[in-house]
Amino acid sequence: MIMPREEPKVVVITGATRGLGRAMAAEFVQRDWTVVGCGSSEASAASARGRFPEPHRLDAVDVTSDTEVRAWADDVMRELGPPSLLLNNAAVINRSAPLIELDEAEFGRVIDVNIKGVANVIRHFVPAMIENGRGIVVNFSSGWGRSTSPEVAPYCATKWAIEGLTQALAQELPAGMAAIPLNPGVIDTDMLRSCFGGAAGSYPSPEEWAKRAVPAILRFDAGDNGRPMSV
């Protein structure tokens, strides 16, 4: 009897070389998934490769560069095929300040990483996922993608954009796939410390969060397409 071939379990995680992304990568590895991740620097990617050796793959990729993302995606999929899960986690936050005090470069950096970076990754991975007829796209939003606070206006703008972008993408995907905006809640990360200072330590660590979040993400299916989710 010929048994059906099991699809390889490949997850792509942007921002996977530190913080929340790295904690998720560790949880996926424990569950026998092959992790493909990227970070913004070669130093962070090299550190992550030391923790997650082959068959896992960690690369330095500037997600704001469509050219770099295209080359990375093409190389990854030649080696491993289309991913089953695509987690757009890479993001930056502005320094805490009123909007009128943030210059064009500061505002533009947040827009470029948090919105254009997500679009670049979707543009170069999702067509192969569609051709493969399966896959879940999870775009990381925020509590500040569903509410607002002072001094983080650029970040709020990008995460509200991710909510809309993801729900529009959900309407474009074929049956059997899903795009989901995910609010991860409040986590003790470097990003949170830039806003909350030492008070961030009263919230769960990335590792604590990932132990709950990864099983929840693995339960997402096509029936969740377009649904705003939270962990």
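**Ground rules.** I number residues from 1 along each chain as its sequence is written, and I use heavy atoms for side-chain values, leaving out hydrogens and water. In this predicted model I require pLDDT of at least 70 for local features and 80 or more for side-chain atom pairs, while totals for chains, interfaces and linings use all residues.

**Backbone.** Most residues other than glycine have a negative phi, and most peptide bonds are trans. I looked for exceptions.

I found a cis peptide bond between E54 and P55, with omega about 15°. P55 sits in the loop between helix 2 (42-51) and strand 3 (57-60); helices (H or I, at least four residues) and strands (E, at least two) are DSSP runs, numbered from the N terminus.

D32 is not a glycine, yet its phi is positive, about 70°. I placed D32 in the loop between helix 1 (19-30) and strand 2 (34-39). D32 counts as exposed because its relative accessibility is 63%; the classes are buried under 20%, exposed over 50% and partly exposed in between, with a 1.4 Å probe and protein chains only.

E151, also a residue other than glycine, has a positive phi near 75°. Its loop runs between strand 5 (135-140) and helix 5 (153-172). At 40% relative accessibility, I list E151 as partly exposed.

**Surface.** I noted that Y203 lies in the loop between helix 6 (190-196) and helix 7 (206-218). Y203 has 33% relative accessibility, so I list this residue as partly exposed.
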